[in-house]
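Open the model in your viewer and have the selection tool ready. The stops below go from a whole chain, to a contact between chains, to single elements and residues.

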Amino acid sequence: MTDLAAPGPADRPERRRVAGVTPADGPARVSAYVCEAVSCLSAQSHEVLTGLGAEVAQRGLTDVEIKRVGCLGLCAAGPLVRIPETGQLFRHVSPDDLGALVETLATARPDGQHEAEEPFFSRQMRIATENSGVVDPESLDDYLAMGGYEALRKALTTMQPNEVRGEMKASGLRGRGGAGYPTGLKWSTVAKSIGSPKYVICNADEGDPGAFMDRSVLESDPHRVIEGMAIAAYAIGAASGYVYCRAEYPLAVTRLKKAIRDATRGGYLGASVMETEFSFEVDVRLGAGAFVCGEETALIASIEGGRGTPTPRPPYPAVSGLWDRPTLINNVETYANVAPIIRNGGEWFAGIGSATSNGTKVFALAGRVVNTGLVEVPMGTTLREIVFDMGGGIVDGREFKAVQTGGPAGGCIPAQFLDMPVDFESLMGVGSFMGSGGMIVMDDTSCMVNVAKYFMDFCREESCGKCVPCRVGTTQLYILLDRITTGAATMEDLAQMERLAGMVQRTSLCGLGQGAPNPIFSTLRYFRDEYLAHIVDRTCPAGVCTIEPLPVPA
Amino acid sequence: MTATVYTLRINGQDVAGAEGQSILSVAAENGIRIPTMCHLDGLTDIGSCRLCVVETAGSNKLTPACTTMVSEGLDVTTDSEQLVEYRRMLVEMLFLERNHICAVCVANNHCELQNKAEELEVDHFELPVIEPLVGIDASHPFFAIDHNRCIMCVRCVRVCGEIEGAHTWGVMGSGIDERVVTDMGTPWGDSTTCTSCGKCVQVCPTGALFEKGRSIAEGSKARRPFLPYLHVLGQDSGQA
Amino acid sequence: MAVARAKPTAPSDDKRWKIVETRMRRLGNRPDALIEALHSAQEAFGYIDDGALRYVSETLSVPPSTVFGVATFYHHFTLKPQGEHTCVVCTGTACHINGAGEILTAIKAAMALKPRETTPDGKLSLLTARCLGVCSLAPAAIVDGVVEGRVVADEFVTRLEML
């Protein structure tokens, strides 16, 4: 079933096999962790790694370790290098200017005292991303050293499948892909469904523009995801699984495939996992640039080799999914939480977060905020804390206007709600949606009508075309929004748009069409004046939309 | 196989349905008419036109009657004002999507789309026509397709795949740009898989697929003595 | 009973067909290998031509209309030969509000090139992607497989013109 015997041209990682420097004898006095996730890599962090290795060798510093790690989170300031022994973080490190860093490495005498961390880091509680920026994502040994696969061992050797499911239920973990469906309940449904073989699928098709949490976890800690899938497979009675990963994430795919190969060789995957009777195989399937394939049934259609068009639910995949068999589909971040829950117990997880939303959530902070990157915080943390305390506020000191959450099905949340706790229910209460965790911060240079049009353009392009309301409705809604942003609309058009948006939301076949009108509803709710300015006054308050003046009769 | 029977309500009427029976089927048995378009008896239901969506008590989601199976105690409403309003808008969407010019169409007065508009009292459009540039393929010796009249119900794709087994018809592209297509986007007349059975023409609800040699308003398919019972569940075939 | 068929032959002697053939074989030559097979063909040749579609259709026993339907559904696949160089401009939300639109406008003005098009001299193909996942580097683009962040419109256009 697996196709991992030998890497093909796309699988072969670029020359990164030699990564870092390990002291020859004994533990290192001090280490430099260099981020090699895609953002830092594109700013030459690999050259930083090799450069450091060379300089350290040249100066004869044999008690220094230079290590490749995954995402350190503060992507805006990359390439990033962290010295864990002192807590120092070096930003914007250039391979041509390593002097200060090497000096620090040469002279540091860590005494357990840590530099005070800035709020971006200190306010985080890392569970799903606890290994990101700590382990070498291409080393199974490193993962094992951090307690990797211990949760799987615990489950396989000391727990029955229904006990594993019990812990997931007790944890209160809800799906981290957006819908927030109770994970324990989903696992139980699949376990109880009749049909064989059963499948475990990881949805790594992170399509929300502006969201990169899943990419980060896959690039930084792929074994964690595999371990989560294996535990799930044991709990529901499956022996094979797939990771469906979007083609736009080649590094994630490469690291994932390597992790699967290494885990299989190490006996953590394959037949007789860790010498028990449990067997589990995982294969990777590539997406091909279709946002709609993030929807469960479309994803299944894609793995089956077809066009990614959704099918009506019920039946739900848990009952009848991949090749009509009971199938568990969970998001990357959801799986990343499984091992800690099994290790520490469901009750521990339930004690974190808010009443209805347990645990933590990884958010991708992007847009007009100073500290763009990834943060993991307990559910219930306020927007203000995330955007201002941790995010450092708006770039250039401009004024906060809104934060967009939930991707194309989400909504824009204005300043009046900055003190609201971020959790599933609260976000829905203000007309938005958790989504996968993307948080785009907007300031007064963003036009909210333009934002609504942007998302409708996205939905129109990504509509699979199967159902009438989404296929034609998103095009018609786009035309209306375009008229508004070019000063060609009337109040009647606005009324038509609201009417049509309601129909599309209620009659569409899947979440793409159902969610497509949401940015319109959300921006109309809080920024109606901007719409009226475009229509009645024919101006764009944010100065974004180009509105031609009306021709004046001679 | 258990023959479980459920009792449920449709529009206040108590009805019975068997395990695995759709709401649409049970409704039809009881004389309750729900407008449909992509549905055709004998073909797998795909729930794509959304015309048959119904309300069920206890949920604010609308579900298609053709793909939703009955269950015990279901309380269905098929004809609320809101549903009728949505159906009108869906029919309007279809008319605006391509270039439907009934006056010069072979299926004028024999068209299921026209029948739907009449039934739902759609007499004008609120929104603009999209006017895509789409073509005609008349390369086949007996049949032709005019994409300007196609509503993407994909009955042709389903009948060609599920009943004839030729799989000549497929769908290419995505979203508003999708089209039905023969083989690899090659002319129908060059098809290496088509058996010329004509089933696709028989099932097409509009004048998109038609038999050559028929003129405006004559109807897109010939009346054939060996197909006297061609009819669709609760709908007329569009023939005179 | 399946009809016996001659083993499908690759469209040409080009060694790259072996890669595609191997990929399909490793997945059991089953219909569900279709997307992986198309990926393989595109990686090997830069695009998917009629020969590739036919070869995949015959090897996996998938009807031509299905193969064509899948190849044209996914935005990643292209049926047209690409230029010598490829540029992907990210049009994700963070990039959008940080000026991705200006970059595309600048490219269009300077080189008369729109997304999904190739310059007449075949040197450069322009594509867009809805989010490359490097939002901290907004606006971002990929040139010949290398990610470039914090792109400035006019500098970027000059860079592309020099390729």
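## Stop 1: chain C

Select chain C, which has 7 helices and 5 strands. The model you are looking at is predicted. Follow chain C from the N terminus and the elements come in the order α-α-α-α-β-α-α-β-β-β-β-α.

Now colour chain C by accessibility. Of its 163 residues, 52% count as buried. Contacts show how the chain folds back on itself: among those joining residues at least 6 apart in sequence, 63% link residues at least 24 apart.

## Stop 2: where chain C meets chain B

How many residues does the contact take from chain C and from chain B? Chain C provides 10 residues and chain B provides 13 residues. The size of an interface is often given as the accessible area lost when the parts come together. Here the area buried between chain C and chain B is about 930 Å², and carbon and sulfur atoms give 69% of that.

Select C:Pro64, C:Ser65 and C:Phe68. In chain C these three lose the most area to chain B, together 53% of what that side buries. Next, show helix H3 (50-60) and helix H4 (64-73) of chain C, the elements that give two or more residues to the side touching chain B. H4(C) gives the most, with 6 residues. By type, the residues on this side of chain C are 5 nonpolar, 4 polar and 1 charged.

Look for links across the interface of chain C and chain B. The rule finds 0 salt bridges, but 2 residue pairs are in polar contact.

## Stop 3: a helix in chain A

Move to helix H20 (residues 491-507) of chain A, which has 17 residues. From its first C-alpha to its last, H20(A) reaches 25 Å, close to the 24 Å expected at 1.5 Å a residue. Its buried residues include A:Leu494, A:Met497, A:Leu500 and A:Val504.

What covers the buried residues of H20(A)? The cover includes helices H19 (468-485), H21 (511-515) and H22 (518-537) of chain A. From chain B, it includes strand E3 (53-56), strand E4 (62-64) and helix H2 (81-97).

## Stop 4: one serine

Finish at A:Ser39, in helix H1 (residues 38-41) of chain A. Is A:Ser39 buried or exposed? A:Ser39 is buried, because its relative accessible area is 6%, under the 20% cut-off. Leaving out residues up to four places away in sequence, A:Ser39 touches A:Cys75, C:Val134, C:Ser136 and C:Leu137.

Conventions. Residues numbered from 1 in each chain as written. Chains lettered and ligands numbered in written order. Predicted model: local features only at pLDDT ≥ 70, side-chain atom pairs only at ≥ 80, totals over all residues. Heavy atoms only, no water. Contact = heavy atoms within 4.5 Å. Buried area = accessible area lost by both parts, 1.4 Å probe. Salt bridge = Lys/Arg side-chain N within 4 Å of Asp/Glu carboxyl O. Polar contact = N/O pair within 3.5 Å; in protein donor to acceptor, adjacent residues only side chain to side chain. Helix = DSSP H or I, 4+ residues; strand = E, 2+ residues; numbered from the N terminus. Nonpolar A, V, L, I, M, F, W, Y, C, P; charged D, E, K, R; others polar. Buried < 20%, exposed > 50% of the residue type's maximum accessible area, 1.4 Å probe, protein only. Expected span 1.5 Å × (residues − 1).
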